[in-house]
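User: I have a model open and would like to go through it with you. Can we start with a helix and work outwards?

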Amino acid sequence: MTGALALLSGILAGLFAASLPGAGWLLLAAASAALAFGTRMRNFTIVRLLAGLLAGMVLASASTQRWASQRVPATAAETRVLVEGVIRGVPARDGAELHFDIDAVIVDGGPRDKQVRHARVSWRDAATSPRAGERWRLLLRLTPTADAYNFSGPDTARLAFRDGVHFAGRVLPSALDSRLRLANTSVDTLRARVAARIGEAVADPDSAALLTALAVGLTDRLSTDQWRVFNATGTTHLVAISGLHVTMFALVAFMAARTAWRWLPFARRVDRETFALLLGLGAAGAYALLSGFSVPAQRTWLMLALFALARLAARHVGAGRLWSLALVAVLCLDPRAPLAAGFWLSFVAVGVILMTASASAAPVSFATLASAVRLQCAIMLALAPLTFAVFGGLSIAGLAVNLVAIPLVSFVLVPLVLAGALAVFVAPASSAVFFNIAAGLYDGFWPALTWAADRAFSLWRALPALWWFPFAMLAALVLLRRWPPGLRATAACAVLPLVFTPTRLPEPAAARISVLDVGRGAAVLVATHSHVLLFDTGDSWMPSAGAAWICWCFPRSMATALTERPCWHSNARCGRCWWVVAGPRVRCPCEGVATRSSIGMECGSRVSRQGRAGSTAFCGYPRERTPCC
């Protein structure tokens, strides 16, 4: 395990290096690592650690240099290029725009080295929608891969580097845009076929989006409100294809193969356990490929493959060894995998499960409620530093919600979805039955999930300082070890910096005013010691952009996030409204009409959001600091 962690540390050092090393340094480091691993020097722990560190740095640096050699420079933005290539993955529709990746060769207007590059393309008002696996000729206007430089929010440049994107562009209307070849049968075409069938069989778009995510791993169709509920209830891991889903499918295939072995004459040529093991591993691999082969699916399948290999070789391999070998395999397949949050969440969660199982006197069993609660608490506490770093909050409601959601989704909903996906290829007409039953289950438990997400205690938001994260990870490690209860209880001290975090707002009798550029307008953020006011959120440049802006006119303990696009400068002010809030659907008491735009409110008004009574609006600036109603 120490060798795998050394390899990970070396890859992180190479990915976050200020500059790329030269070719001579890479050759020397690679030769040193090979010499250390290939001789008796590997018997020394310090030598193995240094060799793993060097090997990780070589992998990361070589991967980065290969990407940089094919990357189109940012100075080429606004240049028109003609490309030909094959559509990669399943295109995603976002309103009138279509987003997809393409493995393209630049034919004219750019580098003519005939190298295949990974491009990220958007196409507005496409006359003919491209499909996965088709070959197209497109006229593009190059755009920067980093389309926003904000202090918070997604780092699009890092995402492009993580996905290996060499350039981005927008399709220009032209007679040159044409399909050159239809798609051949591939994994992506099968995924698109299942997604299309779910969309035809299920009328509710939200239900269809969730079933599509569970079947083929396409999460781009989930709405903003669905993501909000999943994040608040800590069930985001169930939406994507998690390791639990792949493992469960492998177990089902293994048991089915054991039963069918006696009825299949050709299967008698091999041992029953071997036949069932190989068939279960193949079924799990097929499901992982159908889901897009994300990092959690890679990790799970690799661990299953290593377990099957050890079983066939009559060798005993510990769970920790399986975990470390899977980590090494994932890093060797994709050295940029640590840049994805799913990499850390997946491997840390499995590591916590293994540590919890080894720390308990008896094996962890899902059959009892006590063991399930103990395991869920361990995973939540161990992942708390990661969730605060990635999502800016921790789901408190997830502790109780997951006890019901995990069995329901993993053992009821996922089997129905997979049965429907299999029926798409065998008996397409019968697939609608499975999908409709699964959609009915979703409609049944969604109100309860929404109720849990709307509780005030469901999500704990905090922005810890950087020094807190190493301290919290050490505390989580102490909590998971088999040590005396008094010593493990000291890990609770990691919570104190979050509870007693000093305020970042100005001192009393002072104000901080920030003018923000938000596209075709400007926003003014006024912060006092006890209140924050955001005036005019500006125009939304993407459907989810409103959700990134936090509209506050409340004490610092309350906030309302936009969930839909506000209209541009269509405020229905009546003349006596002296401060402005923005919301997706707010009723103005002065006008008596509902609008989706930013509207003015007077002190003493109450906000109504999305047809329901919303939170009480607070002002007190410059009047007394009391609730408006």
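User: How many residues does helix H12 have, and how far does H12 reach from its first C-alpha to its last?
Analyst: Helix H12 (residues 319-333) has 15 residues and reaches 21 Å, close to the 21 Å expected at 1.5 Å a residue. The expected span of a helix is 1.5 Å times one less than its number of residues. Helices (H or I, at least four residues) and strands (E, at least two) are DSSP runs, numbered from the N terminus. This is a predicted model: local features need pLDDT of at least 70, side-chain atom pairs count only at pLDDT 80 or more, and totals for chains, interfaces and linings use all residues. Residues are numbered from 1 along each chain as its sequence is written, and side-chain values use heavy atoms, with hydrogens and water left out.

User: Which residues of H12 are buried?
Analyst: Leu322, Trp323, Ser324, Ala326, Leu327, Val330 and Leu331. Buried means under 20% relative accessible area, exposed over 50%, and partly exposed in between (1.4 Å probe, protein chains only).

User: And H1, what span should H1 have at 1.5 Å a residue?
Analyst: The 14 residues of H1 (residues 2-15) should span 20 Å, and the end C-alpha atoms of H1 are 20 Å apart, which agrees. The buried residues of H1 include Leu7, Leu8, Ile11 and Leu15.

User: Stepping back, how many helices and strands are there in the protein?
Analyst: The protein has 20 helices and 20 strands. Of its 629 residues, 42% are buried. Among contacts (heavy atoms within 4.5 Å) with a separation of 6 or more, 62% are between residues 24 or more positions apart.

User: What is the mean pLDDT?
Analyst: The mean is 75, and 80% of the residues reach 70 or more. pLDDT is the predictor's confidence in each residue, from 0 to 100.

User: Where does pLDDT stay under 50?
Analyst: One such stretch is residues 539-629, for which the model has 191 contacts beyond four places in sequence. Residues 361-367 also stay under 50, with 9 such contacts. Where pLDDT is low, the predicted coordinates should not be read in detail.

User: OK, salt bridges. How many does the count come to?
Analyst: The count is 14, taking a salt bridge as a side-chain nitrogen of Lys or Arg within 4 Å of a carboxyl oxygen of Asp or Glu.

User: What does Glu97 pair with?
Analyst: Glu97 forms a salt bridge with Arg170, and the closest N and O atoms are 2.5 Å apart. Glu97 lies in strand S2 (residues 97-108) and Arg170 in strand S5, so the pair ties together parts that are 73 residues apart in sequence.

User: Is Glu97 buried or exposed?
Analyst: Glu97 is buried, with a relative accessible area of 14%. Arg170 is partly exposed at 26%.

User: Which residue does Asp454 bridge to?
Analyst: Asp454 pairs with Arg228, the closest N and O atoms being 3.2 Å apart. That pair links distant parts of the chain, 226 residues apart: Asp454 is in the loop between helix H16 (428-453) and strand S8 (459-461), and Arg228 is in helix H7. Asp454 is partly exposed at 39% relative accessibility, and so is Arg228 at 32%.

User: New topic. What is Ala276 in contact with, leaving aside neighbours within four places in sequence?
Analyst: Ala276 contacts Phe254, Ala257 and Arg258. Ala276 is found in helix H10 (residues 272-290) and is buried, with a relative accessible area of 0%. The C-alpha atoms of Ala276 and Ala257 are separated by 4.8 Å, and the two are 19 residues apart along the chain.

User: And where is Thr235?
Analyst: Thr235 is in the loop between helix H7 (224-233) and helix H8 (236-239). Thr235 is buried at 2% relative accessible area, and its contacts outside four places in sequence are Phe230, Val401, Asn402, Ala405 and Leu449.

User: Last one: what is phi of Ala509 near?
Analyst: Phi of Ala509 is near 70°, a positive value in a residue other than glycine. Ala509 is in the loop between helix H19 (496-499) and strand S9 (512-517), and is exposed, with a relative accessible area of 88%.
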